[in-house]
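Look over the model before reading on.

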Amino acid sequence: MAIAKIVYASLTGNTEEIADIVAERLEEKGLDVEIEECTQVDAEEFLDADICIVGSYTYDDVLVPDEIADFYEDLLELDLTGKIYGVIGSGDTFYPCFCQVVDQFDKAFQSTGAIKGAESVKVDLAAEEDDIVALEAFADALVKQLD
Ligand SMILES: Cc1cc2nc3c(=O)[nH]c(=O)nc-3n(C[C@H](O)[C@H](O)[C@H](O)COP(=O)(O)O)c2cc1C
C-alpha cells in the first residue's frame, strides 16, 4: 500500500483542518496516511513515504513560521528523487503576501528532486465548500501520479 505523509503547521486550526480534508480523501483512495504536526516529526520521515505533503499557514513576511523552520531547513537537505509532493496552506487575502509560505515550500520541494504531483492549494482562512472541492482534487491528482 502506498504511503502518504502530511506534515502541517497550524496556529488557529485552519491548516490542520485543510490537512485533515486531504488525509481523509487519500484514505478513501486506499492510501496509508500519516498526518503529523510539524514539531513532532523529522523531515527524514518523508524518505519512507511515496507522497509527501506540507501544509502551512503564513504570518507576515517571514520565510516560514518558527515552529516549522527546522523542518524546512532539513527538507532542503533531503534527496526525495522519485517521490511525489504537494503543498497546501491557509492564509488571508487581506495580506499582500497571501500564502507565501506555500510557495516557499514548493521551492524547497523542487530542490529535493521530488515531482510536483498537484498544483498547490491556497485557502482563504477556513476551508469552504469550493476549497474542499479543490483539496479533494489536489489529493486525487497526487494519487494519479502513483500510476
Ligand atoms: C499577525 C498576522 C499576520 C498574518 N500575515 C499573513 C500573511 O502575510 N499572509 C497571509 O496569507 N496570511 C496572513 N495571516 C493570516 C493567517 O495565515 C490565517 O489566519 C490562517 O488561516 C492561519 O492558519 P492556521 O489557522 O492554520 O494557523 C496573518 C494573520 C495574523 C494574525
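## Fold and core

Contacts here mean C-beta atoms, placed from the backbone, within 7 Å. Among contacts in the chain between residues at least 6 apart in sequence, 81% join residues at least 24 apart. This is a predicted model: local features need pLDDT of at least 70, side-chain atom pairs count only at pLDDT 80 or more, and totals for chains, interfaces and linings use all residues. Numbering starts from 1 along each chain as its sequence is written.

The chain has four helices and six strands (DSSP runs numbered from the N terminus: H or I, at least four residues, for helices; E, at least two, for strands). Their order is β-α-β-β-α-β-α-β-β-α.

Of the 147 residues, 45% are buried (20 or more other C-beta atoms within 10 Å of a residue's own, placed from the backbone). The largest nonpolar core holds 48 residues (buried Ala, Val, Leu, Ile, Met, Phe, Trp, Tyr and Cys joined through C-beta atoms within 7 Å). Helix α1 (residues 14–28) gives the largest share of this core, six residues. Val22 is among those with the most contacts inside the core. Beyond its neighbours within four places in sequence, Val22 touches Ile6, Ile53, Ile88, Leu135, Phe138 and Ala139.

Strand β1 (residues 3–9) has six of its seven residues buried. Its pairings follow (strands pair if DSSP finds at least two bridges between them).

| Pair | Sense | Bridges |
|---|---|---|
| β1 and β2 (residues 32–37) | parallel | six bridges |
| β1 and β3 (residues 51–57) | parallel | six bridges |

Ala4 has Val33 in β2 as its bridge partner, and Lys5 stands opposite Cys52 in β3.

Note on methods. A residue is buried if 20 or more other C-beta atoms lie within 10 Å of its own, exposed if 12 or fewer, and partly exposed in between; C-beta atoms are placed from the backbone. Two residues are in contact if their C-beta atoms, placed from the backbone, lie within 7 Å.
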